[in-house]
Amino acid sequence: MLWFIDVRPEKPVSRQISNFHTSDALDCFFAKDATTAVKWLQTHSIDRLRHIRPYQEQAIRSIEEAVTGGKHELLVSMATGTGKTFLTVAQIYRLLASGFARKVLFLVDRKALAAQAVREFASFSTPKRNTFNQEYEVYSQRFHRDDFGDEKPFNPKVLPNEYLTNPRPSQTFVYVSTIQRMAINLLGREKTFPQWSNDPDYEEDADKLDIPIHAFDLIIADECHRGYTVTETGIWRETINYFDAIKIGLTATPAAHTVAIFGNPVFRYGVEQAIRAGWLVDYEAVSIKSNVRLDGVFLKEGEEVGKVDTETGDEIFDAVEDERRFPAEEVERNITSPDSNRKIVEEIGKYAYAHEKETGCFPKILVFAANDLPHTSHADQLVKICRDVFGQGDDFVKKITGNPNVDRPLQRIREFRNRPNPKIVVTVDMLSTGVDIPALEFIVFLRSVKSRILWEQMLGRGTRRCDDINKGHFTIFDCFDGTLIRYFKDVSNFQIEEPGPEPVSIIQVIENIWQNIDRDYYTRILVKRLRRIEKNMSAEARDKFTKFIPEGDIGAFASELPGLLKKDFTETMKLLRDKNFQDLLLNYPRAKRAFWKAYDIADEVTSREVQRFGGFDRAEDYLEAFSRFVRDNSEKIQALRILLKSPKDWSPTALEELRNALKQNDYDEKELQRAHKAASHKDLADIISIIRHAASEQEPLLTAEDRWLDLIKQHMIANLTLAEADFDGFPVFQRLGGHSRVRQIFSSNLIPLIQRINTEVASYHRGDIYG
């Protein structure tokens, strides 16, 4: 390990580096005037930046306090849709303008996001009323035309390689790159993320370069949660840690490996905060119950099925010779029920058509399918069913995945975002992160999700506002009877630990046994790996293994291996270390995957709306939280204090202040009324009685009509008559809004109500007098 320390600051802090610095790098460090840069940041107000939001200003302030205080790794957590890219550009501008940074690397995880970032730099307006790239050089990797689409023409500048391999002190620039490309530049193609030529993020012109560790002094990694597998996490970590630079991670979903690299967040702005402030929209949930999704498929003897050759796509029809059960986790992997998929789509259709009737607009719908495998694609099946169910033609429903049969997927994404059609898009993973579709209103989960990060990223596709369609919320459809929603309800905490290394290859396992490195442990690991091979190998593989082991029986060999190693270690290791045997262990012919179509299985599909109340699943929990809020703030919020302790000072102004205070704390009046209706079947209780009831359960819940009728009763006791003008003539009525308010509540029934009250009072007194 190498460590570096700059002893010039008052409290120097050492840091680990990946290689020795060159003499040029040390010259750059000595030339940097950190004191002047810090003073510039402290004296130049952040609000000089145009269009900056309050929470973005707070984020910039937190970042600058951290980096000027000596932190080299820091994390910023902001909800999807809250403007992380704009924040990044604004922050980079200030750090460049101050002289704190000169060479900036902005890493993203998709070419589409890189193209979006480059456009953001080009459109950013500086305090000097220039665009960013008029004041500083902005470079990027090479793009295809499809990466930008048919929007405004744009010609980004490609970074010359010598900026990476031979950085000069005089250079000041920003480089926007994908993490995949930078990983190839540093580690070589064979040691980075696997890519295929049909992948829209394929880096065909990237090569390994000799880049010094001081090539950048600031690195900002967007979507830095990336790394759903141990291998991806390791590549992320190695790429980020290669450079000796200040590293800022941006994410909506902090994960253990993210925190291990960048530390705990120096700033957080979560989904709930953004929803309360009106920057994002909340979701409503629909639970779709499908017996097939929950219980799997049970085939009886004699039922007809289709058996698909997963290599050719050929299908033969056959009758089941013996009963067979496929558990739920095998649905869409080893068997499919066309009836189940159709009924689920039809159930979603009911909500889509109801939405269209209510709003006049058919919703944009994103469907997450289980897979898009050749010949057994769940995505293809859903596209076909959606086209049939909705009957609006091929353009109405599209598939967008990384499958080679999808033409120009990035162009398809732009069409989904910007054009009337398609209305429905079926995907697997491609649209789960980094895609901005503000008009999206329905998200359908027809694939199981186990990763909290992926779940939150998928939900983030729907949280963006869309004022063009007056979007107030979006709807998620949990096609597993709400089990996904319940599973992730409380899965938000995570244990912070250093990410583990990439799993040891079977070749290295064998070598560890040979080198006597924890021999018993790695013998057990090898036995497990051989068992995996046994389960996945074809008959052809068994024939190939006969050259090395009796009858090619890997299972028997695995069982006998610990004994063989003890009995004749040298001879057994000679076999295990044979290059041809090891090659076969890696590249043995796999068995063909079986896939059945259960045509006779009829699924039962139902749905229900899953009510949520201010972030709580139960109305009772929401109202309990509100009661605590009222008790804790009865002295802090003036309008609450007046209502509960000084009612003589109550006024329309106090009522308005109270409503605003409640709304700012996620206690909207309508939401409280809805919760009381669900919890106690009391509909339209007014805000005054709701608050009094929250402060003391003995206080009754009154509707606005109840309250006015009570006031009218008290008025009649004193005056024995009621006129319409009285509502503006008596203070008791005026305090609640007078004639205009009572008109609003009773509407056309007000005059008949007054007449009936007067008649009843007069009739009562006449009967009393004349007996």
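Let me start with Ser337, which counts as buried because its relative accessibility is 0%, where buried stands for under 20% relative accessible area, exposed for over 50% and partly exposed for what lies in between, using a 1.4 Å probe and protein chains only. This is a predicted model, in which local features need pLDDT of at least 70 and side-chain atom pairs count only at pLDDT 80 or more, while totals for chains, interfaces and linings use all residues. Residues are numbered from 1 along each chain as its sequence is written, and side-chain values use heavy atoms, with hydrogens and water left out.

Ser337 sits in the loop between β16 (335-336) and α13 (338-359); helices (H or I, at least four residues) and strands (E, at least two) are DSSP runs, numbered from the N terminus. Not counting residues up to four places away in sequence, Ser337 touches Val292, Gln381, Ala598 and Ile601, contact meaning heavy atoms within 4.5 Å.

Turning to Val176, we find this residue in strand β7 (residues 173-178), and it is buried, since its relative accessible area is 0%. Beyond its neighbours within four places in sequence, Val176 is in contact with several residues, among them Phe106, Tyr139 and Phe121.

Phe121 leads us to the largest nonpolar core, where, of 52 residues, Phe121, Phe132 and Ile248 touch the most other members; such a core is a set of buried Ala, Val, Leu, Ile, Met, Phe, Trp, Tyr and Cys residues joined through side-chain atoms within 4.5 Å. Helix α4 (residues 84-98) gives the most to this core, with eight residues.
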